[in-house]
Amino acid sequence: MQLTRREILNDLIRIFRENFEIDNPGTDDDLREEYEFDSIDAIELLVEIEKMVGFALTQEEKKQAMDIRTLDQVCDYIENLAATRD
Amino acid sequence: MERRVVITAGSVITPIGHVKDEIIQNLINGVSGVKALRKDDLLANYIHSNVFGTVDYPIEYDFKRSHRKTMGPVAYYACQVVKEILKQAALDDDFISSGRLGVSFGSTHGSPTVQRDMYRNFFSGSQDQFSSVSAVDYLKSMVHTTAVNITKMFGITGRLISSSTACTTSSQSIGLGYEMVKYGMQDAMICGGADEYDTTTVAVFDNLLACSTAFNDTPHLTPRPFEVRRDGLVVGEGGGAVLLEEYERAKKRGTNIMAEIIGFSCNNNGGNLILPDVEGTKETLRLGLKSAKIRADEVDFISAHATGTKMGDVIEAQAIHSIYDNSPYITSLKSYMGHTMGTCGVIEMVLTLYMMEKGFIAPTLNLNEIDKRCAMIRHVTELCESDIRVAAIQNFAFGGVNTCLIMKKI
């Protein structure tokens, strides 16, 4: 996977719009506080992230995502995944 | 401690309408909600019965995404009717979340639509490693999905009961909710049931040769409860809810009281899981009257379970005659919409409440020539004006489960 951060962000914004009806969330917005984005949504998002990065996440990698609160943190998470797997 | 329990709100989604006035008009005008079975890419082409009690009109849902994400079609019906009864009853928010309001609500088997999608994924042979079961599939499809989506949407924190006893699901839900309030464990209960469009249910009854097949080209002419040409039941869909409140509390609030529930019985045939049982049925009716502390001749109207099957209608007629002689008026409301499965009890209760309020009894549709074996009871064959003071709602289910709810105008 060779996605730039901008590409990751754009893809996430699309996923949030299409899958979670959240339009253009701010990159620092607390997703839980602002948009009622809860742990169930996080699990759904992980499936989309798997499709984005092109490989299945391990249980450990998934657990690490459970503390994520902002879009910026989701971008960091995806970049780290890619770096770990490269 | 035994407390009086009253019905203070009711709402239904049925094949003959959703809005109260529309439903009443359709009962008065003899309009059937049975139409052609909707096509699907699964079973519809293999089922002999091509009729269904269909909710084919648009319903304007405005549920938030945070609620919708755990809801299958069955929960949409459930939450919509509950939203409407909460609006009717105007309960204050503090009471709703006080722990003194509970929910008793069920469905036949959760959401078969969602379950089907899950298993389609399992058995598709797909090698897609990301197409795992969704985090919300279970929440959408589980057997108590209606009850807990209701509590989630409205912030209800009291007792939760989720009956899933096929055709007695909602009547049992109402009965168990009634007992919660009667014996002081809750001050109010939201009760009811829902079932979504599902061809697998039709297939089950079709396989058992219990579905109507002779009227595929004229769906409105079936089912035909108690009639000589009846040839089986028609599966339907819908949802319904009633709010039960402790009488003194309801009176103090000054809210509208539709009727008082005065009795409930529930028993089991203790034997065959499919065939109707006259002794078990009679016992239910007897226990219902005993619970209500009234005589048989005090009941003005019976909403019969009467699905239109060959044997079920005969057994029910025999049981009614044995307990009631030919005293109360009898109607099968399923003749208007087919058998809405887990929803039928609450729909039949709410439609009976409408008739009690408006002073009429709708006849059993398509009852042109009464089967001699069912003729010993007092069938309603034409629309009639009648002041129903006491009504009984009877329902029977696969598994040998029987219920009887008795309510009284106050």
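Analyst: Among what covers the buried residues of helix α1 of chain B is α13 (344–358) of chain B, where helices (H or I, at least four residues) and strands (E, at least two) are DSSP runs numbered from the N terminus. Everything here is a predicted model, in which local features need pLDDT of at least 70 and side-chain atom pairs count only at pLDDT 80 or more, while totals for chains, interfaces and linings use all residues. Residues are numbered from 1 along each chain as its sequence is written, and chains are lettered from A and ligands numbered from 1 in the order in which they are written.

Helix α1(B) spans residues 20–29, and its buried residues are I23(B), N26(B) and L27(B); a residue is buried if 20 or more other C-beta atoms, placed from the backbone, lie within 10 Å of its own, exposed if 12 or fewer, and partly exposed in between. Just after the helix, G30(B) takes a positive phi of about 70°.

The covering helix α13 of chain B contains M349(B), which is buried because 30 other C-beta atoms lie within 10 Å. Leaving aside its neighbours within four places in sequence, M349(B) is in contact with I174(B), V242(B), I393(B) and L405(B), two residues being in contact if their C-beta atoms, placed from the backbone, lie within 7 Å. M349(B) and L333(B) are 16 residues apart in sequence, and their C-alpha atoms are 9.9 Å apart in space.

One of the contacts of M349(B), V242(B), leads to the nonpolar core, a set of buried Ala, Val, Leu, Ile, Met, Phe, Trp, Tyr and Cys residues joined through C-beta atoms within 7 Å. The largest such core has 116 residues, and I150(B), V242(B) and L244(B) are those with the most contacts inside it. Its largest share, eleven residues, comes from helix α3 (residues 73–89) of chain B. In soluble globular proteins, nonpolar side chains tend to be buried together. With its neighbours within four places in sequence left aside, I150(B) is in contact with A78(B), C79(B), V82(B), V103(B), F105(B), I156(B) and I190(B). There is also a second, separate core of 15 residues, which includes M52(A), L71(A), V74(A) and L81(A).

Some backbone details of chain B deserve a look as well. Most residues other than glycine have a negative phi, and most peptide bonds are trans. The peptide bond from T222(B) to P223(B), however, is cis, with omega near 0°, and P223(B) is found in the loop between α9 (199–207) and β7 (238–246) of chain B. K293(B), although not a glycine, has a positive phi of about 60°; K293(B) lies in the loop between α11 (278–292) and β9 (301–303) of chain B and is exposed, with 10 other C-beta atoms within 10 Å. N366(B), also not a glycine, has a positive phi of about 65° and sits in the loop between β11 (360–361) and β12 (378–379) of chain B, but N366(B) is buried, with 24 other C-beta atoms within 10 Å.

Turning to the partner chain, nine residues of chain B are in contact with ten residues of chain A. The side of chain B that touches chain A has three nonpolar, four polar and two charged residues, where Ala, Val, Leu, Ile, Met, Phe, Trp, Tyr, Cys and Pro count as nonpolar, Asp, Glu, Lys and Arg as charged, and the others, Gly among them, as polar. Chain A itself has five helices and zero strands, and buried residues make up 20% of its 86 residues. In its helix α1 (residues 5–20) lies I15(A), which counts as partly exposed with 18 C-beta neighbours inside 10 Å. Beyond its neighbours within four places in sequence, I15(A) is in contact with L45(A) and E48(A).
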